[in-house]
Amino acid sequence: MAPPPGQSRLPMKNVFFLVLRRMRAPLIAIVLVYTLCTVGLALMPGVDAAGNPTPGMGLFHAFYVISYTGTTIGFGEIPVPYSGAQRLWMTFSIYATVIGWSYTLVTLVALLQDVGFRNALASARFNTRIRALREPFYIVAGCGETGTLVCRGLDRLGLRFVIIESDQTRFDELRLEQFSFDPPMSSADASQPDALMAAGMLMPNCRGVMALTVDDLTNLNVSVNVELLRPGLPVLARIREPDMDTTHGVFSHDIVINPFDRFAEHLVSAIIAPERYLAREILTGLPGMPLPEEHHPPAGHWIMCGYGRFGHAITERLRNFGLTVSVIDHSHYDGGVEVDVKGRGTEPGVLEAAGIDHASGIVAGHADDRRNLAIAVRAREMKPDIFVVTRQNQRSSAPLFEAFDGDLSMEPAKLVAREFLAVITTPLMARYLENLRNQDEPVCAKLVDKLQSLRPGFVPETWSIVMDDHMAPAVTRQIKEGAEVTVGHLKADPRNPQEPLWLMPLVYARGAKTIINPGKGLKLAAGDEVLFVGSAEARRRQELALINDTVLTLIRTGEDHSTGGTVWRWLTRKRDTSKVDG
């Protein structure tokens with residue numbers, strides 16, 4: 001059977017030839033030793049029971065004796081005593097075969113400990129597992145904190161994934177992760193095309209690539225490789241450097257997230273449009289998790305502690321909105337042009353100088369979690385009602401941030417992971433989130449109420465349905481036969497077609513055409529795609545109408561044809577035609 005596209009059996013051949021090359025000398029030596037000992041014993045004259053000389057025992061019997069002697073079994077199956085010459089030759093054969101086997105075993109152990117051989121064996125095993133993948137899967141390039149969260153999210157959603165991680169220490173730690181299945185993992189540089197192709201990028205069931213390494217340039221290279229080798233495959237890249245050009249070129253069709261800019265956008269959105277912020281949090285949350293808390297950061301004067309990339313993004317957004325911001329920083333202080341107070345936020349008098357007495361909120365945005373918590377604690381002591389935003393850099397610090405109980409915590413890893421999962425598992429979600437940015441608060445408030453009612457207390461599920469023979473066979477069959485199927489038909493409860501399911505359509509797409517919040521009267525055609533959000537039970541009931549002709553006919557016409565299906569419709573059509581002809 002030929003390997004899938006983009007895969008080959010070369011790694012296994014590499015292992016085979018490496019073994020032959022390294023074991024060539026020991027194998028030749030052991031063959032020569034056995035040949036010499038066998039031939040010598042076969043020709044060596046013996047004696048009979050009476051002590052008279054006899055010819056040699058022959059090749060077969062000599063090989064038999066050398067075989068059990070060389071393997072230290074030692075049957076001792078001798079019909080007559082050996083002659084002196086035979087005993088002397090057997091003594092030589094014993095030492096010769098032991099030395100030969102020892103040489104072979106020592107060489108084999110050295111081969112098994114060789115880094116090159118172990119890498120070749122790991123590559124062969126990885127290649128074999130990739131070739132065995134038959135379900136849709138995603139490639140996660142870089143599995144640090146963000147990548148691990150993405151993998152856990154994919155695992156929770158029941159989706160397969162392949163991991164590429166160049167850090168050997170982190171690679172070894174990933175083996176201890178408790179996923180529901182054992183994902184294929186490769187210790188390789190994701191920026192190299194061979195690594196992506198070995199991970200199955202060219203396979204038809206690869207659904208996307210997520211570039212989550214710690215290096216922006218590597219993430220850029222991953223996107224370039226995918227764009228050139230498999231155009232059209234979705235790529236989601238995390239880019240932290242604001243100077244990195246992501247507005248055109250290779251990123252023109254990809255999803256690029258700068259966690260600092262995105263959180264700054266979310267913070268401002270929570271201040272000026274809390275309902276829009278909450279709607280986005282629900283739509284990008286993991287299904288089944290508790291609904292996110294509502295946050296209402298106040299307008300007014302803000303204090304920004306730390307003026308790195310994160311601090312720049314927050315300060316710029318807040319000032320563009322018209323809020324006043326006092327910046328506290330030590331390393332970026334240049335006389336007060338951009339940084340207002342020199343310090344880190346924990347020194348005496350620094351927060352007072354930044355105006356904490358009349359401040360509405362403070363952002364502790366350093367790259368050090370302990371420093372951020374120290375600032376937050378001091379600010380809360382000085383002004384108990386101030387809105388505290390903290391930046392959490394390490395997942396290991398979660399117990400400390402939970403103990404402090406701040407108003408809003410920014411976790412770059414979680415933010416990127418949530419948005420990546422929402423977009424890559426349901427690609428139409430990106431279009432809906434983009435449209436959501438332009439919606440006013442009353443519209444977003446209605447959306448939040450609807451989303452919260454779909455699965456009270458928990459984040460609802462989101463899923464896309466393509467009107468094809470795989471996902472919606474009943475729909476495509478009836479459309480081809482001339483029946484009219486609408487979005488409203490997919491919202492009806494099969495148990496009671498007069499009642500709607502607990503779901504709502506978010507996006508309708510036909511090629512490049514997109515309709516946000518499509519109406520129930522919108523007619524569907526083969527190849528159309530619709531993004532829904534709703535409860536898990538509503539999704540299961542909807543599947544009945546997608547795959548069962550009888551259920552879909554009942555929803556469309558109100559007629560219950562329990563024998564339904566294609567045969568029933570053919571017979572019905574023939575019967576109606578006969579009545580007309582008569």
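In the predicted model, Glu173 is partly exposed, with a relative accessible area of 41%, whereas Arg170, at 17% relative accessibility, counts as buried, the cut-off for burial being under 20%. The side chains of these two residues meet in a salt bridge, with an N to O distance of 3.0 Å, and both belong to helix H6, where they are 3 residues apart, about one turn of the helix.

Strand S4 (residues 160-164) is mostly covered, 4 of its 5 residues being buried. It pairs in the parallel sense with strand S5 (residues 185-186) over 2 bridges, and within this pairing Met185 of S5 is the bridge partner of Ile163. Strand S4 also runs parallel to strand S3 (residues 137-141), to which it is joined by 5 bridges, with Ile164 of S4 standing opposite Ala141. A further right-handed β-α-β unit is made by S3, helix H5 (residues 145-156) and S4.

The side chains of Glu281 and Arg418 meet in a salt bridge of 3.2 Å, N to O; because Glu281 lies in helix H10 (residues 274-283) and Arg418 in helix H15 (residues 412-425), the pair ties together parts that are 137 residues apart in sequence. Glu281 counts as buried at 13% relative accessibility, while Arg418 is partly exposed, with a relative accessible area of 23%. A salt bridge is likewise formed by the side chains of Asp493 and Arg541 (2.7 Å, N to O); since Asp493 lies in strand S16 (residues 492-493) and Arg541 in helix H20 (residues 536-547), this pair ties together parts that are 48 residues apart in sequence. Asp493 is buried, with a relative accessible area of 9%.

For the chain as a whole, 22 helices and 20 strands are assigned, and 47% of the 582 residues count as buried. Among contacts with a separation of 6 or more, 67% are accounted for by residues 24 or more positions apart. The chain exposes about 28700 Å², of which carbon and sulfur atoms supply 57%. On this surface, Ile94, Tyr95, Val98 and Ile99 make a nonpolar patch of about 410 Å²; Ile94, located in helix H3 (residues 84-113), is partly exposed, with a relative accessible area of 40%.

Terms used
Residues numbered from 1 in each chain as written. Predicted model: local features only at pLDDT ≥ 70, side-chain atom pairs only at ≥ 80, totals over all residues. Heavy atoms only, no water. Buried < 20%, exposed > 50% of the residue type's maximum accessible area, 1.4 Å probe, protein only. Pairing = 2+ DSSP bridges. Right-handed = clockwise from strand over helix to strand, strands pointing away. Contact = heavy atoms within 4.5 Å. Areas by Shrake-Rupley, 256 points an atom, 1.4 Å probe, with all protein chains shown as cover. Patch = residues over 30% accessible without salt bridge, like charges linked within 9 Å, V, L, I, M, F, W, Y side chains within 5 Å. Salt bridge = Lys/Arg side-chain N within 4 Å of Asp/Glu carboxyl O.
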